[in-house]
Amino acid sequence: MPELPEVETVVRGLRLTVLGRRILSVTLRKTDFIDDPSLIERHLPGRRIEAVERYGKFMLLRLSAPQGEENSANGDYAPAALLVHLGMTGHIVSTAAAQPWEKHTHASFALDDGRELRYTDARRFGRLAYLSAELLPAELEGFGADPLEVTAEEFATRIRSRHSRIKSLLLDQTVLRGVGNIYADESLWRAKIHPAKLGASINKKQAVVLHRALQDILKKAIVMRGSSISDFVDGDGQPGEYQQHHRAYGREGEKCYRCGTIIRRAIVAGRSSFFCPKCQIGPRGFLAISSTPGKSRRESATPVRKKNVKPVKRPKGAARIRPRTK
């Protein structure tokens, strides 16, 4: 699923092509991933795209009031927004109207410059939603701080005040909005913090280092148009390049770039987490997944001692059971 850098990449591309354009008409095909398709068909035509923003892993196309109703601030004529979530396989691009529709194109918005804004999604795990000015605040309520804007002090407070695993906290969108599995693993590797470590056990210095690592990695990933793990491409159809710079994510069985130890994998917060067992010391008793199927390895744990087992006494006169022979 696209994370903050991938969504930011798409947002920046759309700003160059659709910002200021007016939507003339809407064409929808499959709509099972759209919140009330009738609202989009009824309310988007006539509105101008005034801003394209990223909010966590979501995109917001800020819309003006309909043409001729710009001075109205009530009801259906107030400014609104189109929320776009790419899900796992979603793409949204601006293209010439004469271009044939690609397979799995489910929504198209005709613009006043002869182009169309098209949304394609093979698996339809994404989301489109028309949000009025009244509904938008409630939709965005509950999200955490943007990791690119949060201060080191606030970041430390959000992390160190909780007893959840640090990997879980980084993925929790109510704590930080926009971070996903890839950049959580990469920032934890950079900061030398094990993904299963509790947030409350991280000291202030570690929190500052993690904050800096997370921001540096996200910014570099944005410059490189994000990570293309499966099928992510930007608005021009080009894949990202940051996957070439991953130091932990997806590198199970390979050597750590820092110390040469083999990268391991574990399940933390229900997700595969990649880490170096030497650089990122795990909490006591933590179990890592072995590369050998069906086996697990205990990291930083006290060896389990076998208890003394007393021999079972046979009652006097009981028959001795002998192994069967052929």
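Which residue caps the N-terminal end of H7? I looked this up in a predicted model. Asn-203 is the cap, with a side-chain oxygen placed 3.2 Å from the backbone nitrogen of Lys-205.

**Helix H7**

I next followed H7 itself, which covers residues 204–223 and has 20 residues. From its first C-alpha to its last I find 29 Å, close to the 28 Å expected at 1.5 Å a residue. Just after H7, I noted that Arg-225 takes a positive phi of about 65 degrees.

I then listed the buried residues of H7; among them are Ala-207, Leu-210, His-211, Leu-214, Ile-217, Leu-218 and Ala-221. I recall that an α-helix has 3.6 residues a turn, so residues three or four places apart point the same way. The partners against which the buried residues of H7 pack are H1, H4 (152–160), H5 (166–171) and H6 (181–191).

**The sheet and H1**

H1 (residues 4–17) also lies across E3 and E4, and I record an angle of about 170 degrees between H1 and E3. I traced the open sheet to which these strands belong: its 5 strands run in the order E2-E9-E5-E4-E3, with mixed pairing. E2 (34–35) and E3 (49–55) stand at the edges with a single partner strand each, so one side of each lacks a neighbour in the sheet. Within the sheet, E4 (residues 58–63) and E5 (residues 80–85) pair in the antiparallel sense over 5 bridges. Leu-63 stands opposite Ala-80 in E5.

**Whole chain**

I closed with the totals. The protein chain has 7 helices and 13 strands, and 46% of its 326 residues count as buried. The chain exposes about 17,600 Å², of which carbon and sulfur atoms supply 49%.

Technical notes. Residues numbered from 1 in each chain as written. Predicted model: local features only at pLDDT ≥ 70, side-chain atom pairs only at ≥ 80, totals over all residues. Heavy atoms only, no water. Helix = DSSP H or I, 4+ residues; strand = E, 2+ residues; numbered from the N terminus. Buried < 20%, exposed > 50% of the residue type's maximum accessible area, 1.4 Å probe, protein only. Areas by Shrake-Rupley, 256 points an atom, 1.4 Å probe, with all protein chains shown as cover. Pairing = 2+ DSSP bridges. Contact = heavy atoms within 4.5 Å. Axes fitted to C-alpha atoms, helices over the stretch in contact; angles between N-to-C directions. Expected span 1.5 Å × (residues − 1). Polar contact = N/O pair within 3.5 Å; in protein donor to acceptor, adjacent residues only side chain to side chain.
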